[in-house]
Amino acid sequence: KYQHVRESVFKDDFLQLITGTISEKINKGTQKCCLLNSEYLNKKLKLEEEDKINSPTYRRILEFRKKLPAFSKKDEILETVKEHNIVLISGETGCGKTTQVAQFILEQEIKSNRGSTCHIICTQPRRISTISVAERVSEERGERCGHSVGFQIRLEKNLPRSTGSILFCTTGILLQIMNSDPFLTEVSHVILDEIHERDTISDFVITRNLFLNSKPDLKVILMSATLNAEEFSKYFNNCPTVHIPGFTFPVKEYYLEDVYSLLNCPLFPPAKSGSVRRERKNMKPEELKKEEAVDKYIEFLEKSRKYSKNVISNLRHPNSKVLNIELIRDLIKHICSHHPHGAILVFLPGWDKISALNKSLNDSGCFPPNRYLILPLHSMMPTVSQRDIFSRPPPGVRKIVLATNIAETSITIDDIVYVIDSGKIKIKMFELEHNISTLREHWVSQANAKQRRGRAGRVQEGFCFHLFPKGREEVFDKYQLPEMMRIRLDEVILQAKMLQVGKISPFLQKVIDPPNPKAVEISLELLIAMNALDEDEQLTPLGYHLAKLPVDPQAGKMLLLAAMFSCLDPIASIASSISYKDPFVCPLGHEKFLDKIKRDLDFGRRSDHLLVAQIITQWEMACRQERGKRFAQENYLSHSILELLRDMKQQFADHLFKMNFIATNNIKNDYANVNSNNLGLLKAIICSGLYPNVAIIRYLNEKVKVSIHTMEDGRLGIHPKSVNACVNNFESSINLHDSTLVYPLALIFFCHNLTMEDEGGRLKTLVVNKSIKFQCKASTAYLIQELRAWLDWLLEYKVSHPGVTDWESNSDDCL
């Protein structure tokens, strides 16, 4: 099939990947461990380990380690790991499993003269926990990080020595390692920590390791909170389980009814007439049942006469379900005024709420920096900033941490005494009926609430303030829906194909909680339509490249085309923003000022995507002149988000350089940006990447001049924050957030499958999809069809023969 592709390193790697499945290769028994036993290295590592015992610092830390509940289970853990390929270790927060289990194994292997054949990979669900755990374990071993213990995350690494070592990494990094070494031939033990969080990559890696179960030289250790440990043991054929008891101090709990009483909250203004009735009319039956249960609980409180009429009235008000920044600020004031010293941890659903509360606290004048240290904690913050969270403040200074659910597990902020739980979490959901992904606030689960409460009792008796009634907690879901069951599966499928798992539907049915078959079908259809997979579900050269990039396939396709057409910098800015978020932040009351800035910088191009590229370019120029923060402040931009987007762009350039699509990893290189000012080309590449996410503008009448439609959702609106918001005023529950106005030719040349219908006579119809058709002269249609065929051939050739495009006027590429 690929005989036409000339011999190259790419062709060898690609053909090797698509030949056979991992099960077949394991059955051949050819993929053995590559860690070589060295008596000299074994002896050297053992002597180094024995020397540590003479260190007073090491002995002092060892005494601390012995007090952890995990230490009492050391022998049982080591014996179970020795006897079985797969072991489950469960333990409550604070038991020490995250820091101790990998150390137990490493110490035992070195002591037993097997240090040269020991390389442990231990995954963490988040970047901050990866770094903090690696640094803590290094400290406990009396070393600097990067000796026998190291870490690797998406944009930062400090690797340990190759053997006699522990590498802490995010689950995504393990997936990358498995891409280059599918059989983990240079790994002796894989420890998957915090698997109860059920993120897609963890579920995927767990399922993938079923295939490695028959490898006698690889040990897999799963670590989970006790929340649902039995489910994981059952999944792995009732694998042996070691349970580590936890230890926490008592935590006194307050609920929303108690908070309203403590703060003597005034009555909410009357709700709009019929608002509650209208809200409940649109609820699903199971949600309505929960609300009715909460109503009964409030009736119970009213009859008990424990709370005032104002409290009962406020609990019934719709505003009681809305996250209230002022209420949290006042509650923090109350804690600081009426409770002993101790750090405060506030759980919030996202960066927008963290930013709003941070501003409210600073603007109140009640939290001067000489007495209060306010620290935001978010997974996408620079890791240097995140590290400040763990340091104790100076005497007389109270620490206030504003965090997302990142602080629920793994990381330990050891001076937390007070927890404020907003009860909200942001969850990405894929709506099958509309074929769209959404990111919305939802109530937490009972498991989330339990983990948050536990953060207050780590080092002493604590207090937890839940900003929801106790009756609402009783109707929370037991656990959050696993991510695999609620997101698009495009990336998961490509990664599965890179790991040679065979047909995707049977593989995904082996996941602990399989995704909806319809979601699998939708993603397969997209990947086949964009030529990332062929009709047999085999990876194509395009799919192979897309799976190598750390973004979703649509953003990845934009990057590859941008590299081929030499307009990399602006498209990389767009891809980074799509992969994370745009950098705009708008304080309340400043919306009109931000809208004007956006219109001015859009230059009439009608593109939210190109606006972001323009903003990032101008900010980068300002940074070179040492005024980047000032530029961000003047234009309502988040400097920290811009820094992250810049780092992501550099990562894209590194990948494309390794894949041989650009000549250097300098994303600003002139040769990679020959066409970066070609507006038509930029819009065409945006169109190519984001297709089939296309909406059609239709002229209606003088009153409603235009209407916007999509094939899946019908008529919809444009979000007010978009530069295209002025196109129509239609209010809809579905809004386009980021959009770019493109003309028909971009769509015709870059849609997935262009066909032609005969209208009779001199006219032909070019068909993009069921709802997008263009009528033109037959001669024009034939010319377009021929040009499209040439373009498809050229792009397929470039993908199959990675190389830098030659823009010299007489080159084949340029022609």
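The legends below describe close-up views of a predicted model.

**View 1. Two domains of the protein chain.** The domain assignment divides part of the protein chain into domain 1 (39-244) and domain 2 (251-270 + 277-484). Domain 2 is therefore written as two stretches of sequence, as the bounds come from an automatic or database assignment. Between the centres of domain 1 and domain 2, taken over C-alpha atoms, there are 33 Å.

**View 2. The largest nonpolar core around Ile420.** The largest nonpolar core has 173 residues, and Ile332 and Ile420 have the most contacts inside it. Both domain 1 (39-244) and domain 2 (251-270 + 277-484) supply at least three residues to this core. Leaving aside residues up to four places away in sequence, Ile420 touches Ile328, Leu331, Ile332, Ile335, Ile344, Leu345, Val346, Phe347, Phe465 and Leu467. A second, separate core has 33 residues, among them Val101, Ile120, Cys145 and Ile191.

**View 3. Packing of helices α13 and α14.** Two packed helices are described by the angle between their axes and the distance between the axes. For helix α13 (residues 285-304) and helix α14 (residues 309-316), the angle is roughly 175 degrees and the axes come within 10 Å. An angle over 145 degrees counts as roughly antiparallel, so α13 and α14 are roughly antiparallel to each other. On the α13 side the contact is made by Ile298, Glu299, Leu301 and Glu302, and on the α14 side by Ile312, Leu315 and Arg316. Four residues of this contact of α13 with α14 are nonpolar, none is polar and three are charged.

**View 4. Packing of helices α24 and α25.** Helix α24 (residues 553-564) packs against helix α25 (residues 568-579) at an angle of about 170 degrees, and their axes are 9 Å apart. α24 and α25 are therefore also described as roughly antiparallel to each other. From α24, the contact includes Ala555, Met558, Leu559, Ala562 and Ala563. From α25, it includes Leu568, Ile571, Ala572, Ile574, Ala575, Ile578 and Ser579. In the contact of α24 with α25, eleven residues are nonpolar, one is polar and none is charged.

View 5. Lys82 lies in helix α5 (residues 74-83). Lys82 has 62% relative accessibility and so counts as exposed, the cut-off for exposed being over 50%. Lys82 and Lys219 are 137 residues apart in sequence, while their C-alpha atoms are 8.5 Å apart in space.

View 6. Most residues other than glycine have a negative phi, and most peptide bonds are trans. Asn113, in the loop between α6 (97-111) and β2 (119-124), has a positive phi, near 60 degrees. Asn113 has a relative accessible area of 37% and so is partly exposed. Phe603, in the loop between α26 (591-602) and α27 (608-624), also has a positive phi, near 55 degrees. Phe603 counts as exposed because its relative accessibility is 52%. Pro692 is in the loop between α30 (679-690) and β17 (696-699).

Note on methods
Residues numbered from 1 in each chain as written. Predicted model: local features only at pLDDT ≥ 70, side-chain atom pairs only at ≥ 80, totals over all residues. Heavy atoms only, no water. Core = buried A, V, L, I, M, F, W, Y, C linked by side-chain atoms within 4.5 Å. Buried < 20%, exposed > 50% of the residue type's maximum accessible area, 1.4 Å probe, protein only. Contact = heavy atoms within 4.5 Å. Axes fitted to C-alpha atoms, helices over the stretch in contact; angles between N-to-C directions. Helix = DSSP H or I, 4+ residues; strand = E, 2+ residues; numbered from the N terminus. Parallel < 35°, antiparallel > 145°, perpendicular 65-115°, else oblique. Nonpolar A, V, L, I, M, F, W, Y, C, P; charged D, E, K, R; others polar.
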